[in-house]
Amino acid sequence: MLPFIQFRSGTGAFLGAAGLALMTVWAFWERRLGRLDAEAPMVDLALFTRPSYTLNTLVLSLYFLGMPAVWAVVAVYVQQGLGHGALVAGVVTLPSAVMVMLLSTAVGRRVETSGPRMLVVGTVIAVLSMLALAGATALMGAGSGSLWLVGAALALNGLSQALIIPSAQTLSMQDVPARMAGAAGGVAQTSQRLFTAVGIALVTGVYFSIAAAVDHHAAVLVASLAIAACMLSAVLAAVLAARRARRAPAAAS
């Protein structure tokens, strides 16, 4: 994570390569331990042979690669780009939080029956929310938009979050054996934090580069489209997870 957070030089590239090398060595070591004794590894790599876990964890990881960055981008845009205070920046994001608060419980009750479908719908809405944010900021750059449109786009974001996170987290653990449950949860959380750190670093880097070259309106537009691209990859992963979930009962019968 360090190269994405602090370094913009050859040192950062070297540390990134070293980190990947260490992760590769760790994976081979864990695989070797698993062959000797299933209880020995920190993470039994057989965990990733379970499609429901792998695919739903991938959906969450791709979601966290893009979406958390929007809060940093919007906060900078509202304050530095538009000249408003921190209170206004917070109020703009409030519709998203309200949507999550209102919907999460209802979504949680339906995960067992409609989880794969909600996951696909949620990722599609995530793409639409970022396209709406890009459109809202384009209008503001042309002098005809308002922060109400930004808040509406973020409300869509809240809807997507309420549909995606409970569904993917629940579905990813459905086929995980009890002995792997702790490691499975730890791997999923580590993946989400790693992707969040990388995504925020990359998206804010794009934002500040465009802001310096053009203006803040163009910066948030490009950043929104970059996040939308991440969400498109999450849509593909969600579709694969949903197709796998539909085939599983047939295979079992």
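A: Helix α7 gives the most to the lining of the largest pocket, with 8 residues. Helices here are DSSP runs of H or I with at least four residues, numbered from the N terminus. The model is predicted, with local features needing pLDDT of at least 70 and side-chain atom pairs counting only at pLDDT 80 or more, while totals for chains, interfaces and linings use all residues. Residues are numbered from 1 along each chain as its sequence is written, and side-chain values use heavy atoms, with hydrogens and water left out.

The space in the largest pocket is about 590 Å³. Its lining has 20 residues, and Met23, Trp26, Val187, Thr190 and Ser191 are the closest to the centre. A pocket is an open set of points on a 1 Å grid over the protein atoms alone, where a 1.4 Å probe fits, with protein on both sides within 12 Å along at least five of seven lines; lining residues have an atom within 4 Å of a point. The volume is the space filled by probe spheres set on the points, which are joined across faces, edges and corners.

At least two lining residues come from each of α2 (10-36), α3 and α7 (181-213). By class, the lining is made of 13 nonpolar, 6 polar and 1 charged residues. Nonpolar here covers Ala, Val, Leu, Ile, Met, Phe, Trp, Tyr, Cys and Pro, charged covers Asp, Glu, Lys and Arg, and the others, Gly among them, are polar.

Of these helices, α3 is mostly covered, with 13 of its 16 residues buried, that is, under 20% relative accessible area with a 1.4 Å probe and protein chains only. The 16 residues of α3 (residues 51-66) should span 22 Å at 1.5 Å a residue, and the 23 Å between its end C-alpha atoms agrees with this. The expected span is 1.5 Å times one less than the number of residues.

A nonpolar core is a set of buried Ala, Val, Leu, Ile, Met, Phe, Trp, Tyr and Cys residues joined through side-chain atoms within 4.5 Å. This one has 45 residues, and Tyr63 and Tyr207 are among those with the most contacts inside it. Apart from this core lies another, of 8 residues, including Ala184 and Ala188.

Notes:
Buried < 20%, exposed > 50% of the residue type's maximum accessible area, 1.4 Å probe, protein only.
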